[in-house]
Amino acid sequence: MQEGFTIAILGATGAVGTRMLAQLAQSTIPIKAVKLLASPRSAGKQVTFRGHVLTVAATTADAFTDVDLVLASAGSAVSKQFLPLAVARGAVCVDNTSAFRMVPTVPLVVPEVNEEALRQHHGLIANPNCSTIQMMVALNPIRQAVGLKQIIVSTYQAASGAGQSGLNEFYQEAKDYLAEQPMTATIFPTKGAQQHYPLAFNLLPQIDVLEDDLYSHEEWKMIHETKKIMLGAMNASEIKVTATCVRVPVPFSHGESIWIDTGDPNATVSQLRQALAAAPGVVLQDEPQQQLYPQPLNATGTRATYVGRIRPDLENPGAFNLWVVADNLLKGAAWNTVQIAECLVADGLVHALAE
Ligand code: A2P
């Protein structure tokens, strides 16, 4: 039998799960077997992995027996139901949902920023929200080079962040609109909302539910996940963060307009560019003379986080504006999850392979 790890993908048929499998196919992780798990609706479906045909199974607690690593993206409720059972059976789980992100003992990890947090894991590791991940990859090198005191971010988030069904609804709306037919909205701005609005040819300033404090839950995630990743605690105050999250009619890759105060009145654009050019996971695309700047169409299908339009705030020394784009399904989800799994294996944090 081939030596390696047995890896389960929970939510294997979804927008993120299918990409987790594709990322895993390119991974350096030694793999003995891959188990594909989804809802009973998908049981029996066949998928090819490295030339082998795999069959999707319905998710049960017993499906996690003898599994070393679980990569999960089947929604929070499914993660809450099954991941503790998988951990109890000895698996290490990397969860792409928000189910455990704010549990203090669960590391929330962007490998370029806080890989060392993995050493504290107790079987569960959380993958941050897609829009938080790309912001962390772009801002951590700036924080290290010149400092970071405040962040004001506005997001331009792609339809695929709402999963395959959201993407399908967006495409159907676009077809209907162009055929001069009425658009039918059942998913956006968020499943379970009282009102639904079309996304095609529109902008929706609501992602996830609107909370009593007037922020959307997506905005809440960006604020508190940033603090947990950069400062170690969800309510830490050394960096101030505020966010406005907007769903835009783009299928893949999120854009973010970010204003930062570095706290260093002498900081320069060239310092920021230098730090970003050398940073892991970042591609600097900042040549105004050539009209070179990050765009969703170019980022889609790649693992990198693209940064451009870096410019000083003309009235606030030490403050800057920048524009950041990344594939929300890859760096924002599937790749970050597989990258965490690669770190766990490389750092000996899964368990030793059996002889
Ligand atoms: P299925 O395709 O069988 O519904 P997306 O984020 O694109 O909407 O994908 C969600 C993923 O989560 C899919 O793989 C989906 O499987 C899976 N899923 C949904 N509900 C469950 C469930 N109750 N148990 C296991 N997997 C689920």
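## The ligand and its surroundings

In this predicted model, threonine 13 places a polar side-chain atom 2.5 Å from an oxygen atom of the ligand, which is a polar contact (a pair of N or O atoms within 3.5 Å). Arginine 41 also has a polar side-chain atom by an oxygen atom of the ligand, at 2.8 Å, while for glycine 14 a polar backbone atom is 3.1 Å from a ligand oxygen. On its own the ligand has 580 Å² of accessible area, and the protein covers 73% of this, as computed by the Shrake-Rupley method with a 1.4 Å probe.

Around the ligand there are 15 residues, the closest being Thr13, Ala15, Ser39, Arg41 and Ser42; a residue is counted here if one of its heavy atoms lies within 4 Å of the ligand.

## The nonpolar cores

A nonpolar core is a set of buried Ala, Val, Leu, Ile, Met, Phe, Trp, Tyr and Cys residues joined through side-chain atoms within 4.5 Å, where buried means under 20% relative accessible area (1.4 Å probe, protein chains only). The largest such core has 54 residues, and Val70, Leu139, Ile151, Ile258, Ile260 and Leu322 touch the most other members. Domain 1 (5-128 + 333-346) and domain 2 (132-328) both give residues to this core, so it lies between them; the domain bounds come from an automatic or database domain assignment.

A second, separate core of 45 residues includes Leu36, Leu204, Val338 and Ala341.

Residues are numbered from 1 along each chain as its sequence is written, and side-chain values use heavy atoms, leaving out hydrogens and water. Local features need pLDDT of at least 70 and side-chain atom pairs count only at pLDDT 80 or more, whereas totals for chains, interfaces and linings use all residues.

Technical notes
Buried means under 20% relative accessible area, exposed over 50%, partly exposed in between (1.4 Å probe, protein chains only). A polar contact is a pair of N or O atoms within 3.5 Å; within protein, one must be able to donate a hydrogen and the other to accept it, and residues adjacent in sequence count only if both atoms are side-chain atoms.
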